[in-house]
Amino acid sequence: MIQLAGKRLVQMALIMLTVSLLLFLAFEADKYSLAGKVLGAYSTQDQRLLWLEENGYNAPFVQRYFTWIINAARGDFGESVQFATPVSKLLKDHLLNTAVLGGLVFTITVSIALVLGVLSGIAEGSTRDRGITVLAVITTSVPEFASATILVAIFVFWLDILPGTSPFSNGLTWSDANQLVLPVMVLVIYNFGYYTRMTRASMAEVMTSQYVRTAILKGLPYKRVIMRHALRNALIAPFTVMILQLNYLLSGVIVTEVFFSYKGFGKLLYEAALFGDIFVIEACAMVAVFIAVFSQFVSDIGYTLLNPRIRFS
Amino acid sequence: MAKPDMSTPVLECNNVSISYYTRAGEIPAVVDFNMKVMPGEAVGIVGESGCGKSTVALAIMQYMGKNGDIVGGEIKFMGRDMRTMSEEELRDIRGSRISMVYQEPMASLNPSMLIKEQLNEVLIYHEGISEEEASKRSIEMLDAVRLPDPQRVMDSFPHQISGGQQQRVVIAMALLSKPQLLLLDEPTTALDVTVEAGVVELIKDISKQFGTSMIYISHNLGLILETCDKIAVMYSGEAVEFGSVSQVFDEMRHPYTRGLFNSIPLPGADRYSRPLVPIRGQLPLPHERPTGCNFGPRCDHFKDGVCNVEALHMQDVSAHLGHQVRCERYLNIDWEAAKPKAVAGEAISYGKTILQVKNMQKYYEVHDRSLKALISGKASRFVKANEKLDFEAREAETVAIVGESGCGKSTFAKVMLGLETATGGEVILNGQEIGQITVHKRTPQMVGSMQMIFQNPFETLNPSHTVGSQIGRVLRMFGVAKNKEEALEKTYKLLDLVKLPRDFAMRRPRQLSGGQKQRVGIARAFAGEAQVVVADEPVSALDVSVQAAVTGLLTDIQRERRTTMLFISHDLSVVRYLADRVVVMYLGQIMEQGDTDDIYSPPYHPYTEALLSAVPIADTSITKKHIVLEGELPSPMNPPSGCPFQTRCPRKIGAVCEDELPAVKDLGGGHKIMCHLSEEELRAMEPVIAMPSDKKKKAAAAANPGRAKAALAAASIAAIPGVDTPPVPRAKTAAKIELTVKKAPPKKAAAKKPAAKKATAKKPATGKTGPERLKKPRGKADDLKQISGVGPKLEQTLNGLGFWHFNQIAKWRKSDIAIVDDELSFKGRIERDDWVKQAKALARK
Amino acid sequence: MTDTTAEQTNTPDSNSGLKKFLSSFSLLRESWVGMIGLFLVVFWVSIAIFVDLLPLQDPLAQTRGAINLPMLTEDKKGIMHWMGTDDRGRDLLARLLHGSRVVLFWSTLATIVAYSVGMLMGVTAGYRGGWWDEIISFMGNVLLSFPQIVLLLVILTAFGPNSNVGVWMNSTLGLGKTVVSGALIIVAITFSTAPQVARIVRGIVLDLKTRDYIAAAEVRGEGPLWIMLVELLPNARGPLIVDACLRLGYVIITIALLGFLSLGLPPPDPDWGKMISDGRQWGYNGLNIMLWPALAISSLVLGLNLLADGLREISLRD
């Protein structure tokens with residue numbers, strides 16, 4: 001168990017290192033272009049050279065990389081060109097907002113998906129199952145920016161009961177909580193379908209497994225068969241995949257944040273990308289990858305804990 | 001629970017019909033099924049795949065799934081029709097009064113629950129007892145199914161115990177609340193032979209120990225014979241024959257049953273002089289069944305206007321009590337003539353040695369990536385998949401490699417075919433060393449000269465390509481065909497060779513039946529003038545009736561082309577039928593090798609002895625010694641020290657077995673055994689399988705007049721006009737069949753004399769007159785077991801020969817000793833142990 | 001069930017490829033879900049192909065004074081705008097239908113490229129195993145660690161049309177702006193999609209490679225390339241066709257999304273994603289502009305997803 005965790009941690013570190021190297025190569029390999037981006041298109045050649053000299057960019061590539069990665073590990077990603085503030089401070093505020101949105105969405109999505117998925121998987125092929133499946137297919141077919149458009153049309157322009165943007169200009173407060181409704185709705189609608197279908201598939205498979213048949217033919221009450229024999233085995237796979245899906249969720253969160261002008265991590269990254277704010281992009285990418293890799297780690301460990309076949313071998 | 005009424009059947013199926021509903025409409029799976037199971041009785045259901053036998057079991061459990069339904073008839077459990085019961089009543093019965101054991105133990109146990117929980121819940125929900133009480137009962141039950149260390153098993157997850165143990169747990173679970181009826185659906189199919197033997201042993205004792213009635217579903221007639229009192233033979237959704245085991249096995253009255261027995265390799269069948277007779281044609285699909293008799297189109301006794309008019313019903317066989325058959329013409333068939341005929345085939349002569357395997361070794365390096373291993377520096381170790389393999393094969397010879405899973409036979413095949421290279425030793429094909437040459441470095445001729453036939457017909461052909469293109473590709477690869485036209489021409493020739501129509505070249509594998517695919521597989525293997533063909537269990541996945549056809553084909557081609565065949569198998573019956581020489585492997589080592597006759601008669605390696613005794617044989621006239629091996633197959637990753645078989649060997653001598661690898665003893669004629677037992681001890685072994693055609697039978701016949709078992713000495717019997725012998729109920733098979741000598745009526749015994757077995761011929765001729773036979777004494781017979789070395793079994797044999805008293809034995813002269821010794825195949829043990837002296841001493845008391 | 005179907009030995013297989021292709025669609029008839037999907041897909045594909053033949057306005061023609069017209073209005077010239085016009089006075093219906101061609105062209109191309117790369121990676125990792133597997137899987141893991149959009153943003157900012165690479169492609173290779181953007185989008189989508197395809201293919205191959213027919217091919221001395229391409233991949237096609245339908249849907253979403261984020265194809269060609277983001281600036285007045293492309297994307301993706309579902313249902317049946 002500990003051994004497995006250790007192995008996974010090493011893998012995690014390796015992936016992070018590779019990613020950082022790739023990012024560094026992509027953005028900072030050409031230091032002249034970097035200087036141009038930082039100082040703006042109208043800076044002179046002399047200014048750029050001076051900037052490079054002052055910021056230690058004339059050191060060899062490997063040394064630069066290690067300086068950068070060590071600083072990054074300490075949380076120092078440099079200064080944002082666009083906002084002229086330390087990237088770490090920007091990140092902290094925006095990440096918190098994203099965590100609120102993502103956390104809400106994840107909790108709601110998972111709850112809906114588990115209930116619907118189990119209901120549908122128990123009775124594979126029934127009308128209920130078909131209904132839920134079709135609903136899931138339809139909702140996963142509408143991408144976030146499309147469903148946002150449609151929902152805005154309905155709730156903002158037609159019914160006029162919800163705000164169409166979520167800037168949270170006064171910070172995250174209860175009074176503005178209605179600003180969260182649309183973003184959460186958009187993300188839940190897009191994501192619950194996939195989770196539901198996964199839960200359904202797993203449940204349906206377990207329901208046709210021989211050990212469930214054994215349990216039924218042992219004369220156990222139906223409730224016991226479902227709760228004790230089927231559910232636990234059926235939820236192992238969806239659990240791990242849902243956590244793995246966190247980074248897909250993050251993709252959706254970025255789009256939604258952009259659409260609703262929600263001051264989160266996604267909006268920060270998007271604006272940095274449009275502006276060419278390199279240090280912010282690097283930092284955001286590193287953070288996003290870290291979240292993804294870490295969720296993978298959690299999912300692996302969780303899978304091991306849930307599945308005795310792996311736990312004891 | 002109230003004592004069940006002994007006259008009410010536990011289960012009664014009356015005219016049960018079961019259908020599945022699919023897109024194509026209603027598909028009748030089982031039609032008009034009747035069966036009665038009395039208390040304490042064991043009924044077998046036998047049939048090939050797709051005949052509906054498992055459907056019957058699930059219908060009895062009233063568990064038909066979404067698209068299945070019982071469309072007619074009634075299933076009465078203890079007199080009540082189960083179809084009228086509510087879901088709640090059914091739940092109450094399931095698991096407590098009827099329970100079921102399934103084919104795959106691993107899949108039928110919940111992987112994420114402790115075994116403790118899975119056992120206890122049966123009692124908690126059915127009997128409402130406390131957790132502790134339930135645990136106590138569960139442990140008792142685990143003990144009753146002979147699981148060592150029940151407490152440890154209770155605290156394990158299913159994957160932590162072996163397959164054999166899992167099946168015992170499932171059986172324990174089924175027996176926990178003392179059901180009246182136990183359904184067993186192929187309970188041992190997934191297990192290795194020696195493990196299977198233990199489970200079968202257990203199943204046989206169940207009805208005795210718990211008074212449980214059983215329904216045993218299997219495709220294996222041998223297993224049914226060992227476990228059941230009555231048997232139903234199913235074909236294409238119908239029971240075609242029902243009766244007691246002796247009726248169905250010895251006096252079958254349905255052509256399909258006859259066909260089944262003709263197509264399984266029983267001891268005594270011989271591929272040259274008495275080949276198996278396959279059933280022609282193939283099983284009809286459920287929606288393509290013919291009118292009238294389903295077996296009609298495949299039946300040799302089919303008569304237009306009789307067999308294909310209307311649906312047939314079961315009818316009582318006249319003069320056979322309780323024997324029913326679904327055949328209109330059973331009275332018109334000459335049942336003795338329907339037995340297989342001897343064919344004037346002659347044994348093949350072997351040519352020069354083609355293949356030599358000398359001290360071949362194959363080790364795999366296994367990396368242990370645990371931290372502990374890294375620190376201790378033992379990060380990698382070697383698994384010896386093959387250790388010092390040493391044997392030869394001649395032209396036109398069939399060498400069988402026998403062993404259970406993990407014995408290294410597949411690894412050996414890989415080295416032969418160049419998928420792996422040998423770690424040490426040599427593999428010499430036609431004087432050329434090939435053990436180190438991978439397939440990519442071999443010339444096309446070399447590759448073509450060594451080919452393989454695979455096990456699973458459903459995987460042997462690539463589903464994406466036509467049969468023709470797959471064979472054509474092989475022809476081109478081996479350089480046998482230069483261009484497309486030539487390849488097509490040769491493809492047709494190969495299809496002719498395996499007796500398939502030429503237009504099969506255009507077909508895709510999914511349009512072929514299992515047997516047909518296997519034929520294509522054979523054609524492919526012989527495409528490049530193969531000198532050596534490695535056949536990896538080529539028929540084990542096929543139904544018995546198809547098996548016979550494929551084995552027949554294989555033999556014919558091999559004989560015609562004088563190909564050497566390495567036949568890898570775990571099925572000792574098929575091996576006995578097919579092989580000229582046998583190599584027995586266990587955990588990567590050769591335990592014994594020799595001519596087939598030498599392997600199947602003493603002296604044996606103890607492992608061969610156990611294997612032979614474990615193979616179920618579908619012949620009532622055969623008696624077997626039952627040797628049940630303790631423990632489980634060790635993992636090849638972690639083999640035991642010394643002799644690999646020492647952990648399970650019933651003949652283990654002592655420390656020497658644990659410490660030293662035994663030397664290989666050459667017993668002459670190429671018969672080699674690797675064992676610490678001395679040559680004398682090995683030679684002193686008794687035969688595991690006793691056939692009625694052995695000399696013993698003559699004596700037995702004199703002592704115990706009874707009914708004959710026929711299947712074996714068929715060749716000679718076939719001459720006798722078929723007359724029905726009146727049915728005599730078979731004596732209930734004892735739980736442990738000791739060497740009970742079978743009964744044969746004098747007239748048939750006499751007829752059998754000319755059918756002297758090969759085995760007999762090899763031994764020195766003994767006098768026709770045995771020791772004087774005495775009647776059984778009025779008073780008490782002496783306990784002959786007091787003579788050293790005489791067990792209950794031998795005692796019975798001696799009694800059978802007419803010896804009951806010590807003073808009879810005390811009077812033996814040298815010639816008497818020789819005769820008796822030979823009768824018991826002791827090879828001088830009576831002399832060595834000095835029975836006469838012992839008997840004298842005992843007689844004086 | 002396998003054995004019963006295998007017993008069917010009726011007519012020899014003289015079907016041509018086309019016939020079989022059509023017969024697989026006739027099977028689809030039994031799944032109404034699949035039929036709806038097929039209808040939607042066929043609808044959009046035929047529009048994309050035949051859009052030039054339709055009596056539509058010029059999608060690029062800007063009509064002065066006819067900005068943000070609501071649906072079913074005529075402009076001053078008396079031209080009917082069934083869906084209204086956009087913020088530059090271009091006919092929305094024309095733009096929407098022409099947009100289908102742009103979306104389908106680039107997404108199909110991107111899917112084909114991503115799928116080919118992914119299959120090659122997957123089959124190599126699965127069949128060769130060992131170091132091949134370790135390296136390919138690690139590369140895949142690295143790429144999959146990026147949330148898809150982050151990866152797209154990184155690739156398109158670092159190498160986009162305004163970066164050195166983009167400029168070089170434009171000036172030195174003489175590629176048009178649209179081609180440069182399209183190529184970069186395809187590369188970006190390949191980077192984010194191929195590892196997923198590879199993972200699926202690898203799983204299927206790991207299962208398939210234990211089959212006896214693979215051993216048979218090895219035993220007759222076939223090389224790895226033949227085994228991977230001729231023996232393995234054709235047998236993986238069932239699940240892969242289903243997955244490709246789904247994947248094409250995702251790629252369409254991704255391309256539209258890039259358009260929405262202004263990272264997609266350059267204007268003025270109609271692009272559904274870009275149309276949505278254009279409409280967004282106009283608040284209530286832009287609703288008409290946003291809604292149509294949103295519905296169009298959703299219906300096309302829905303069609304693909306339903307089709308995939310129907311195909312899967314059928315493949316599970318036999």
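Contact is taken here to mean heavy atoms within 4.5 Å. In this predicted model, the contact between the two chains draws 31 residues from chain B and 20 residues from chain A. The size of an interface is often given as the accessible area lost when the parts come together. For chain B and chain A the buried area amounts to about 2,600 Å², and 58% of this lies on carbon and sulfur atoms. On the side of chain B, the residues that lose the most area to chain A are Y63(B), Y102(B) and S112(B), which together account for 21% of what that side buries.

The buried residues are Y211(A), V212(A), R213(A), T214(A), A215(A), I216(A) and L217(A). Among the elements that cover these residues are helix 8 (181–207) and helix 10 of chain A, while chain B contributes helix 1 (53–60), strand 6 (98–101), helix 3 (105–108) and helix 7 (163–175). Just after helix 9 of chain A, the backbone at G219(A) adopts a positive phi of about 80°.

Helix 10 of chain A (residues 222–244), one of the elements covering helix 9 of chain A, also packs with helix 13 of chain A (residues 278–306), the two axes coming within 8 Å and crossing at roughly 170°. Since angles over 145 degrees count as roughly antiparallel, helix 10 and helix 13 of chain A are therefore roughly antiparallel to each other. Helix 10 of chain A makes this contact through R232(A), I236(A), F239(A), T240(A), I243(A) and L244(A), and helix 13 of chain A through S295(A), Q296(A), V298(A), S299(A), G302(A), Y303(A) and L306(A).

Two cysteines of chain B illustrate the result. The cysteine sulfur closest to that of C643(B) belongs to C657(B), and because the two are 6.2 Å apart, they are too far for a bond. C643(B) has a relative accessibility of 8% and so counts as buried. For C675(B), the closest cysteine sulfur is in C649(B), at 6.1 Å, which is likewise too far for a bond. With a relative accessible area of 9%, C675(B) is buried as well.

Definitions and conventions
Residues numbered from 1 in each chain as written. Chains lettered and ligands numbered in written order. Predicted model: local features only at pLDDT ≥ 70, side-chain atom pairs only at ≥ 80, totals over all residues. Heavy atoms only, no water. Axes fitted to C-alpha atoms, helices over the stretch in contact; angles between N-to-C directions. Helix = DSSP H or I, 4+ residues; strand = E, 2+ residues; numbered from the N terminus. Parallel < 35°, antiparallel > 145°, perpendicular 65-115°, else oblique. Disulfide = S-S within 2.5 Å. Buried < 20%, exposed > 50% of the residue type's maximum accessible area, 1.4 Å probe, protein only. Buried area = accessible area lost by both parts, 1.4 Å probe.
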